[in-house]
Amino acid sequence: MKGNLLQGTAKGKMGDIIAKVVHGEQVFAKYQPNVAQPNTELQVQTKQKFINAVDFTKLAKKTASIKLPYSVYLGNAKNMRSALIKQSLLA
């Protein structure tokens with residue numbers, strides 16, 4: 001790097017300041033600790049909803065009374081909701 005260090009492109013962390021190059025331009029930002037996993041109440045609730053959905057899907061694959069209308073009678077339904085709507089329209 002020629003000339004002054006401040007005229008070049010610095011990369012790294014110094015204290016609470018992060019230096020990086022984005023699209024060829026020098027960018028300085030404040031360091032954000034624990035951004036990826038803050039575990040807020042909303043995140044915990046959302047993760048629990050996905051856990052419940054996965055558990056229901058595993059149970060539905062094993063239970064014939066839930067799986068049968070979805071897989072046999074309704075053929076090309078893309079998800080359980082559309083399968084149930086088609087089933088109610090056919091009834």
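## Basis of the model

The model is predicted, and for that reason local features need pLDDT of at least 70 and side-chain atom pairs count only at pLDDT 80 or more, while totals for chains, interfaces and linings use all residues. Residues are numbered from 1 along each chain as its sequence is written, and side-chain values use heavy atoms, with hydrogens and water left out.

## Overall plan

The secondary structure of the chain consists of three helices and three strands, where helices (H or I, at least four residues) and strands (E, at least two) are DSSP runs numbered from the N terminus. Followed along the sequence, these elements give the pattern β-β-β-α-α-α.

Of the 91 residues in the chain, 8% are buried; buried means under 20% relative accessible area, exposed means over 50%, and partly exposed lies in between, with a 1.4 Å probe and protein chains only. The chain exposes about 8200 Å², and carbon and sulfur atoms supply 61% of that area, as computed by the Shrake-Rupley method with a 1.4 Å probe, where for residues only the protein chains shown count as cover. Among contacts (heavy atoms within 4.5 Å) with a separation of 6 or more, residues 24 or more positions apart account for 0%.

The three strands form an open sheet in the order 1-2-3, with antiparallel pairing; two strands pair if DSSP finds at least two bridges between them. The edge strands are strand 1 (12–14) and strand 3 (25–30), each of which pairs on one side only. Neighbouring strands of this sheet are turned by 25° against each other on average, direction ignored, and the axes behind this value are lines fitted to C-alpha atoms, for helices over the stretch in contact, with angles running from 0 to 180 degrees between N-to-C directions.

Strand 1 and strand 2 are paired over three bridges, and Met14 stands opposite Ile17 in strand 2. These two strands form a hairpin with two residues between them, and Gly15 in the turn has a positive phi of about 70°. Strand 2 (residues 17–22) is joined to strand 3 by six bridges, and Ala19 stands opposite Phe28 in strand 3. The hairpin of strand 2 and strand 3 also has two residues between the strands, and here His23 takes a positive phi near 55°.

## A closer look at strand 3

Strand 3 lies largely in the open, because the number of buried residues among its six is zero. Ala29 is found in this strand and is the bridge partner of Ile18. Ala29 counts as partly exposed because its relative accessibility is 29%. When neighbours within four places in sequence are left aside, Ala29 is in contact with Asp16, Ile17 and Ile18. The C-alpha atoms of Ala29 and Asp16 are separated by 8.4 Å, although these residues are 13 residues apart along the chain.

## A charge over a ring

The charged end of Lys13 sits over the ring of Tyr31, 3.8 Å from its centre; the rule asks for NZ of Lys or CZ of Arg within 6 Å of the ring centre and within 35 degrees of the ring normal.
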